[in-house]
Amino acid sequence: MLKKIKKLILYIIFLIIFVRCFEVVFNSRKFIQTSSEQNEKILYKEFNYGDYTNIKLLHTATGEVEEIPLDIYLYGVVAGEMPADFEMEALKAQAIVARTYTIFKIMNGSKHKEQNADICDSSLCCQAWISKENRLARWEKDKRDSNWQKIENSVNSTIGKVILYDGQPINAFFHSNSRRIYRITN
Ligand SMILES: [Zn+2]
């Protein structure tokens, strides 16, 4: 009888330890999640992305300057910089980097001040941009709608997101060398 009671007590102690361990793990996960959510909120609060809602885009072929909403401009950048059949997460990362790079350029003095523009459409100077019309024309007909929708989604689902350091946008350089190497070797 005494042996059975001892066993039962041992079982109860074991069960209590197990439940406590589970609680600790669960709570620490909750804490990590909450703190990263809070960080995100703080970052957005510190940076007023709304000041850069519109940008002046210089079309290098014509010399014309067009004022367009930043996120509409980014459709043309993502479409110009990355193939639409890349993974959605890669396109979203490209959208955030391009948004950050654009805002940084405007905040830190555009190369195109004399032309009354914030940024141009050349990848050799600022960053690539392609009009929707030209982009669609280069895709196969049956992929045009879905490809463009994917590009728009990558920008729309990251609206307001920029990469900050100390509350300021970073100079978010990016390159497409890997893609070029792929083309050369294939
Ligand atoms: Zn430029």
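Mentor: Let's start with H2 and H5, whose axes come within 9 Å and cross at roughly 125°. Keep in mind as we go that this is a predicted model. At that angle the two count as neither roughly parallel nor roughly perpendicular; H2 and H5 are therefore oblique to each other, and their crossing is right-handed. On the H2 side, the residues involved are Asp71, Leu74, Tyr75, Val78 and Ala79. They meet Trp148, Ile151, Glu152, Ser154, Val155 and Asn156 in H5. Sorted by type, the residues of this contact come to seven nonpolar, two polar and two charged.

While we're on H5, which spans residues 144-156, have a look at Asn147 within that helix. Asn147 has a relative accessible area of 13%, and buried means under 20%, so Asn147 counts as buried. Setting aside neighbours within four places in sequence, Asn147 is in contact with Ala84 and Trp139.

Now back to H2, residues 70-81, and over to its packing with H3, residues 88-107. Here the axes are 9 Å apart and the angle is about 120°, so H2 and H3 are oblique to each other as well. H2 passes H3 in a right-handed crossing. From H2, the contact uses Leu70, Asp71, Tyr73, Leu74, Val77, Val78 and Glu81. H3 brings Leu91, Gln94, Ala95, Ala98, Arg99, Thr102 and Ile103. By type, that contact of H2 with H3 has nine nonpolar, two polar and three charged residues. If you compare the lists, Asp71, Leu74 and Val78 turn up in the contact with H3 and also in the one with H5.

Next comes the sheet. H2 lies across S1, S2 and S3, and runs at about 110° to S2. Those three strands make an open sheet in the order S2-S1-S3, with mixed pairing. S2 (65-69) and S3 (119-120) stand at the edges with a single partner strand each, so one side of each has no neighbour in the sheet.

S1 and S2 run antiparallel and are joined by five bridges; one of the pairs is Leu58 with Val65 in S2. These two strands form a hairpin with six residues between them, and Gly63 in the turn has a positive phi of about 80°. S1, residues 54-58, runs parallel to S3, with two bridges between them. There, Leu57 stands opposite Ile119 in S3.

Not counting residues up to four places away in sequence, Ser122 touches Thr60, Gln127 and Ala128.

To put this part back into the whole protein, there are six helices and five strands in total, following the pattern α-β-β-α-α-β-α-α-β-β-α along the sequence. Of the 186 residues, 34% are buried. Among contacts with a separation of 6 or more, 68% join residues 24 or more positions apart.

Terms used
Residues numbered from 1 in each chain as written. Predicted model: local features only at pLDDT ≥ 70, side-chain atom pairs only at ≥ 80, totals over all residues. Heavy atoms only, no water. Axes fitted to C-alpha atoms, helices over the stretch in contact; angles between N-to-C directions. Helix = DSSP H or I, 4+ residues; strand = E, 2+ residues; numbered from the N terminus. Parallel < 35°, antiparallel > 145°, perpendicular 65-115°, else oblique. Left-handed = near helix turned anticlockwise from the far one by under 90°. Contact = heavy atoms within 4.5 Å. Nonpolar A, V, L, I, M, F, W, Y, C, P; charged D, E, K, R; others polar. Pairing = 2+ DSSP bridges. Buried < 20%, exposed > 50% of the residue type's maximum accessible area, 1.4 Å probe, protein only.
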